[in-house]
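Student: Hi! Could you walk me through this structure?
Tutor: Happy to, let's open it up.
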Amino acid sequence: RGNGHQLYSNLYLNFGVDGTQQYEGGWNEWGSDLGFTYQGAMQSEISVGLAPNQEFFDGVTYHSFRKSASASFHPGRDLQLGFSVRQGETIDFTNSRDAEFLTLSPFATLNVGRHFQGTVTYDRETLSTKAGSRVYRVDLPQATLFYHFNRRAFIRTIIQYQDVELHPEQYVVPVDARDQSLASQLLFSYRIDAQTVFLVGYSDNYLGNSQLDLRQNGRTVFLKLSYAWLL
């Protein structure tokens, strides 16, 4: 921990190992993680990680090495900006082969006054063969908005869009070249006391593909009253 006169407030170093073994003794997977985190001015945080892994799938043992990095800071009291990137080797489970992935994830969180909070995230992931041929690309933007009336009640809205672009020539089974979905949810929550919560909400979703534009696939209206008995 820093003493107030240094360029950092906290420095963290972590290491972990985990594995899953079959009953007869074979390993399903094992992995390790080495990470370093810096925390400093403007509530900034920077992390980097290294993760060698071994996974057994479809009769083959795959060895992969993955890297990650993330950074976030508060340029103002009510605004947080951040970005993360993950890259490395993985398994193309559909086609049972080695592959490489890249995931980019920027985000922003904004507080307006004491009542409103909004978070916007955008995830993009690509998967390619070892030779560099694209297998798929996924874009997943999402917005989450909260409005707190008081300490007991709030409204939450979530809007999520997913766009998947597949390259059919890279698949051993027939696939569509495009898959889209749009989902939204509106939730009202009222906490009556520490054990009792009243929830009411609405959600819907839209689906589309290469031959079909987004069309509504379903909608749901729900009501829930939750109470906890202490015995």
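Tutor: We'll talk about aromatic pairs and then about some backbone angles. Keep in mind that this is a predicted model.

Student: How many aromatic pairs turn up in the whole structure?
Tutor: A search of the whole structure finds four. One of them joins Tyr-147 and Phe-149, with ring centres 5.2 Å apart and 75 degrees between the planes, and it is edge-to-face.

Student: What about Phe-149 and Phe-188, and why is that pair called edge-to-face?
Tutor: Their planes are at 65 degrees, so the pair is edge-to-face, with the centres 6.4 Å apart. The cut-off for that label is over 60 degrees.

Student: Where do Phe-149 and Phe-188 lie?
Tutor: Phe-149 is in the loop between strands E8 and E9, while Phe-188 is in strand E10, so the pair ties together parts that are 39 residues apart in sequence. Together with Tyr-147, these two residues make up one aromatic cluster.

Student: Is Phe-188 buried, exposed or partly exposed?
Tutor: Phe-188 is partly exposed, at 27% relative accessibility. Tyr-147 is also partly exposed, at 36%, and Phe-149 is partly exposed at 40%.

Student: New topic! What is the phi of Met-42?
Tutor: Met-42 has a positive phi of about 60 degrees, although it is not a glycine. Most residues other than glycine have a negative phi.

Student: And where is Met-42?
Tutor: Met-42 sits in the loop between strands E2 and E3.

Student: What about the phi of Asp-58?
Tutor: Asp-58 has a positive phi of about 55 degrees and is not a glycine either. Asp-58 lies in the loop between E3 and E4, and at 54% relative accessibility it counts as exposed.

Technical notes
Residues numbered from 1 in each chain as written. Predicted model: local features only at pLDDT ≥ 70, side-chain atom pairs only at ≥ 80, totals over all residues. Heavy atoms only, no water. Phe/Tyr/Trp six-rings, centres within 6.5 Å; stacked < 30°, edge-to-face > 60°. Buried < 20%, exposed > 50% of the residue type's maximum accessible area, 1.4 Å probe, protein only. Helix = DSSP H or I, 4+ residues; strand = E, 2+ residues; numbered from the N terminus.
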